[in-house]
Amino acid sequence: VQLQASGGGLVQAGGSLRLSCAASGRAFNGYAVAWFRQAPGKEREFVAALSKDGITMPYAESVKGRFTISRDNNKNTLYLQMDVLKPEDTAVYYCAAGWWPGRSGGQYDHWGRGTQVTVSS
């Protein structure tokens, strides 16, 4: 499966953005999916994940209550709704797909190119 993330941009603190990840190729609904992010000078970190059946894994503590992951298998698209954005959310956001959901990037075989999210204070 090929993935393409979009929807990033510049937003003020407290604002919202919705990221999308369009999938093509093999059946999207057969994959677990996730979002990760990487801030400048930091390691990539887990944000959120969904099983192929739509079961949500616990979010990263830093985004819990502010971010929502969802998928539309009819549209072959993964989403990340980000509300009450903070400057520390600034990062490149990546979508990923794999057989099983998890918090480790190593569990995902397919990655999209990232989309930049910048939150100004």
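This is a predicted model: local features need pLDDT of at least 70, side-chain atom pairs count only at pLDDT 80 or more; totals for chains, interfaces and linings use all residues.
Two residues are in contact when heavy atoms of one lie within 4.5 Å of the other.

Select Leu80. Setting aside neighbours within four places in sequence, Leu80 is in contact with Leu17, Arg18, Leu19, Trp35, Val47, Ala48, Phe67, Thr68, Ile69 and Tyr93.

Next, display the largest nonpolar core, which comprises 37 residues. Trp35, Leu80, Met82 and Tyr93 have the most contacts inside this core. At least two core residues come from each of β1 (2-6), β3 (17-24), β4, β5, β6 (67-72), β7 (77-82), β8 (91-98) and β10 (115-120).

Now colour the open sheet of four strands, whose order is β1-β3-β7-β6 with antiparallel pairing. From one strand to the next, the twist averages 15 degrees. Zoom in on β1 and β3, which are joined by five bridges in the antiparallel sense. Here Ala5 stands opposite Cys21 in β3.

Move on to strand β4 (residues 32-38), which runs antiparallel to β5 and is joined to β5 by five bridges. Select Arg37 to find its bridge partner in β5, Glu45. Six residues separate the strands of this hairpin, and Gly41 there adopts a positive phi near 75 degrees.

Finish with strand β5 (residues 45-50) itself. Five of its six residues are buried, so β5 is largely enclosed by the rest of the structure.

Note on methods. Residues are numbered from 1 along each chain as its sequence is written. Side-chain values use heavy atoms; hydrogens and water are left out. Buried means under 20% relative accessible area, exposed over 50%, partly exposed in between (1.4 Å probe, protein chains only). Two strands pair if DSSP finds at least two bridges between them. A nonpolar core is a set of buried Ala, Val, Leu, Ile, Met, Phe, Trp, Tyr and Cys residues joined through side-chain atoms within 4.5 Å. Axes are lines fitted to C-alpha atoms, for helices over the stretch in contact, and angles run from 0 to 180 degrees between N-to-C directions.
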